[in-house]
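Biologist: I would like to learn how to read a model like this one. Take me through it feature by feature.

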Amino acid sequence: MDDLYNATKIAFASEFSFYLKAHNFHWNVEGSDFHEYHLLFGEIYEEVYGSIDEFAEKIRGVGTYVPASFTRFNMLSQVADETHVIPKDQMVLELLNDNEKMVKILKMAYDIAEAHGEHGFSNFLAERMDAHRKHGWMLRASTKGQ
Ligand SMILES: [Fe+2]
């Protein structure tokens, strides 16, 4: 089960980092179409944040502990922090890139959960992949014409 524990901890830490980045951009975005992007990032962070508690409890359910500190997140997350306030178009591209990474990380955890016959967990991971595909669509659609 160690492979499942590792993959899900990485996916969880990355998901939390992704959530934080979307919230960061919701707060710090600027420009003439501020409101539109404030809402776009808002919709994304709220959906992802809404999945965090269930994600953590699913990890507990398969029998391991949940990483839940900035130090552990920093050790495990594959979604890099954004420490600068970047222009709006860059925010969209960066989150889109992180979103694609999230789909891959979730897919990896999904495959491992399936291999262990953990179908309840893999269903949850498949739902997270679907949610990220929708975020990807919204982010990609808003880069059109740039
Ligand atoms: Fe807000």
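**Pocket, core and helices**

Modeller: The largest pocket has a volume of about 180 Å³. This is a predicted model, where local features need pLDDT of at least 70 and side-chain atom pairs count only at pLDDT 80 or more, while totals for chains, interfaces and linings use all residues. Residues are numbered from 1 along each chain as its sequence is written, and side-chain values use heavy atoms, with hydrogens and water left out.

Biologist: What counts as a pocket, and what is its volume?

Modeller: Rolling a probe the size of a water molecule over the atoms shows where empty space is left. On a 1 Å grid over the protein atoms alone, a pocket is an open set of points where a 1.4 Å probe fits, with protein on both sides within 12 Å along at least five of seven lines. Lining residues have an atom within 4 Å of a point. Grid points are joined across faces, edges and corners, and the volume is the space filled by probe spheres set on the points.

Biologist: Which residues line the largest pocket?

Modeller: The lining consists of Phe-16, Ser-17, Leu-20, Phe-70, Phe-73, Asn-74, Ser-77, Val-79, Ala-80 and Asp-81. They divide into 6 nonpolar, 3 polar and 1 charged. Here Ala, Val, Leu, Ile, Met, Phe, Trp, Tyr, Cys and Pro count as nonpolar, Asp, Glu, Lys and Arg as charged, and the others, Gly among them, as polar. H1 and H3 each supply at least two residues of this lining. Helices are DSSP runs (H or I, at least four residues), numbered from the N terminus.

Biologist: How do I read the core?

Modeller: A nonpolar core is a set of buried Ala, Val, Leu, Ile, Met, Phe, Trp, Tyr and Cys residues joined through side-chain atoms within 4.5 Å. Buried means under 20% relative accessible area, exposed over 50%, partly exposed in between (1.4 Å probe, protein chains only). The largest nonpolar core has 43 residues, and those with the most contacts inside it include Phe-41, Phe-55, Leu-95 and Leu-125. Two or more residues come from each of H1 (2–28), H2 (34–61), H3 (70–76), H4 (88–115) and H5 (119–143). H1 gives the most, with 11 residues.

Biologist: Which residues does Leu-125 contact?

Modeller: Contact means heavy atoms within 4.5 Å. Leaving aside neighbours within four places in sequence, Leu-125 is in contact with Phe-55, Leu-106, Ala-109, Tyr-110 and Ala-113.

Biologist: How do I check a helix's length?

Modeller: The expected span is 1.5 Å times one less than the number of residues. For the 27 residues of H1 that gives 39 Å, and the end C-alpha atoms are 39 Å apart, which agrees. The 28 residues of H4 should span 40 Å, and the end C-alpha atoms are 41 Å apart, which also agrees. After H4 comes Gly-117, whose phi is positive, near 70°.

Biologist: How many residues of H1 are buried?

Modeller: 20 of the 27, so H1 is largely enclosed by the rest of the structure. Take Leu-4, in H1. Leu-4 is buried, with a relative accessible area of 0%. Beyond four places in sequence, Leu-4 is in contact with Ala-109, Ile-112, Ala-113, His-116 and Glu-118. The C-alpha atoms of Leu-4 and Asp-111 are 107 residues apart along the chain but separated by 9.3 Å.

Biologist: An α-helix has 3.6 residues a turn, so residues three or four places apart point the same way. Is Thr-8 buried or exposed?

Modeller: Thr-8 also lies in H1 and is buried, at 0% relative accessibility.

Biologist: Where does Val-62 lie?

Modeller: Val-62 is in the loop between H2 and H3. Val-62 is buried, at 12% relative accessible area. Not counting residues up to four places away, Val-62 touches Met-1, Tyr-5, Glu-118 and Phe-121.
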